[in-house]
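User: I'd like to walk through this model with you, starting with how the terms are meant. Could you set those out as we go?

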Amino acid sequence: MLSDARRAGEEIAARYPRLDLLVNNAGLHAFAQRITTEGLAEMTAVNYLGPFVLTEALTAKLGASAPARIVNVASEAAQHAKTIIPAKDLRRTEPYTRRESMPLYGRTKLMTIMWTQELARRLDVDEVTVNCCDPGFNATGLGRDLPGSAVLQRVLNTLRVGDPRKGAGIIVRLATDPAFAGTTGGYFSAREARPLQCPEPGRDPRVQRELWDATTALLAAHPVG
């Protein structure tokens with residue numbers, strides 16, 4: 001899975017002369033533990049590690065295309081993560097229940113926010129900016145593994161609740177609006193692009209740096225590409 005992300009990034013970088021924008025909009029809510037062929041929790045691999053690897057493979061191309069932008073899609077579910085121990089949480093593969101899945105999903109999205117803010121400190125703002133957003137509630141089939149989800153999806157569509165176009169609005173603004181041209185390391189709400197704080201316990205830059213270091217160590221132990 002991570003090797004696929006690396007390969008995709010390398011192929012994109014080789015094929016196109018420039019890259020102005022990268023949007024990482026990966027999302028998986030697994031209601032039971034599933035392990036990838038690389039021995040990682042699928043939800044962590046899809047929501048956080050995959051985008052990290054893809055972005056790493058494309059960073060040089062983005063910098064050479066300056067000014068360029070990266071937009072990472074996080075979630076308000078990050079508020080459900082009450083703790084984070086980067087080195088341990090990145091490697092968690094123990095089984096969990098449906099009820100226990102929400103804080104675990106939230107932790108992967110908290111990692112996305114933390115990574116965004118640490119990456120912003122590592123990139124030259126005049127070359128590449130990176131921001132993330134909470135797109136709000138969107139009926140995109142994220143809970144498709146749950147019994148009755150197809151019926152619920154049809155009801156929501158009929159009532160026009162959770163229209164994904166509303167969530168896409170903040171992504172498009174961060175990607176294209178000149179007002180965000182010099183903004184980096186931000187976390188924004190779908191509601192009028194209101195600035196949000198990274199939820200605790202991932203707000204401290206020292207913890208964000210710890211996550212970065214633990215991630216690069218994990219990837220070194222699981223070579224990809």
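Analyst: Helices (H or I, at least four residues) and strands (E, at least two) are DSSP runs, numbered from the N terminus. This is a predicted model, in which local features need pLDDT of at least 70 and side-chain atom pairs count only at pLDDT 80 or more, whereas totals for chains, interfaces and linings use all residues. Residues are numbered from 1 along each chain as its sequence is written, and side-chain values use heavy atoms, with hydrogens and water left out.

User: How many helices and strands does the chain have, and in what order do the elements run?

Analyst: The chain has seven helices and four strands, and from the N terminus on its elements run α-β-α-β-α-α-β-α-α-β-α.

User: What is in the largest nonpolar core?

Analyst: A nonpolar core is a set of buried Ala, Val, Leu, Ile, Met, Phe, Trp, Tyr and Cys residues joined through side-chain atoms within 4.5 Å. The largest one has 40 residues, and those with the most contacts inside it are Tyr-48, Leu-62, Ile-70 and Leu-90. At least two residues of this core come from each of H1, H2, strand E2 (68-73), H4, strand E3 (128-134) and H7, and the largest share, eight residues, is supplied by H2. Another core of 10 residues lies apart from it, and its members include Val-71, Ala-175, Phe-180 and Ala-193.

User: What is Leu-62 in contact with, leaving aside neighbours within four places in sequence?

Analyst: Taking contact as heavy atoms within 4.5 Å, and setting those neighbours aside, Leu-62 is in contact with Leu-19, Asp-20, Leu-21, Leu-22, Ala-68, Arg-69, Ile-70, Glu-127 and Val-128.

User: Arg-69 turns up there. Is that residue buried or exposed?

Analyst: Arg-69, which is found in strand E2, is buried, with a relative accessible area of 13%. Its side chain reaches the backbone oxygen of Asp-177 at 3.0 Å, a polar contact being a pair of N or O atoms within 3.5 Å, where within protein one must be able to donate a hydrogen and the other to accept it, and residues adjacent in sequence count only if both atoms are side-chain atoms. Arg-69 and Thr-183 are 114 residues apart in sequence and 9.7 Å apart in space, C-alpha to C-alpha.

User: Switching to H7, how far apart are its end C-alpha atoms?

Analyst: They are 24 Å apart, which agrees with the 24 Å that the 17 residues of helix H7 (residues 205-221) should span at 1.5 Å a residue; the expected span is 1.5 Å times one less than the number of residues. At the start of H7, a side-chain oxygen of Asp-204 comes to within 2.8 Å of the backbone nitrogen of Arg-206.

User: And which residues of H7 are buried, and what covers them?

Analyst: The buried residues of H7 are Val-207, Gln-208, Leu-211, Trp-212, Ala-214, Thr-215, Leu-218 and Leu-219. Their cover includes helix H1 (2-15), helix H2 (42-64), helix H3 (86-89) and helix H4 (101-122).

User: How do H4 and H7 cross?

Analyst: Their axes, which are lines fitted to C-alpha atoms over the stretch in contact, with angles running from 0 to 180 degrees between N-to-C directions, come within 9 Å and cross at roughly 95 degrees. H4 and H7 are therefore roughly perpendicular to each other, given that angles under 35 degrees count as roughly parallel, over 145 as roughly antiparallel, 65 to 115 as roughly perpendicular and the rest as oblique. H4 itself is mostly covered, with 17 of its 22 residues buried.

User: Which peptide bonds are cis?

Analyst: Among them are the bond from Ala-66 to Pro-67, with omega near 0 degrees, and the bond from Glu-200 to Pro-201, with omega near 15 degrees. Pro-67 is in the loop between H2 and E2, while Pro-201 is found in the loop between strand E4 (187-189) and H7.

How values were computed. Buried means under 20% relative accessible area, exposed over 50%, partly exposed in between (1.4 Å probe, protein chains only).
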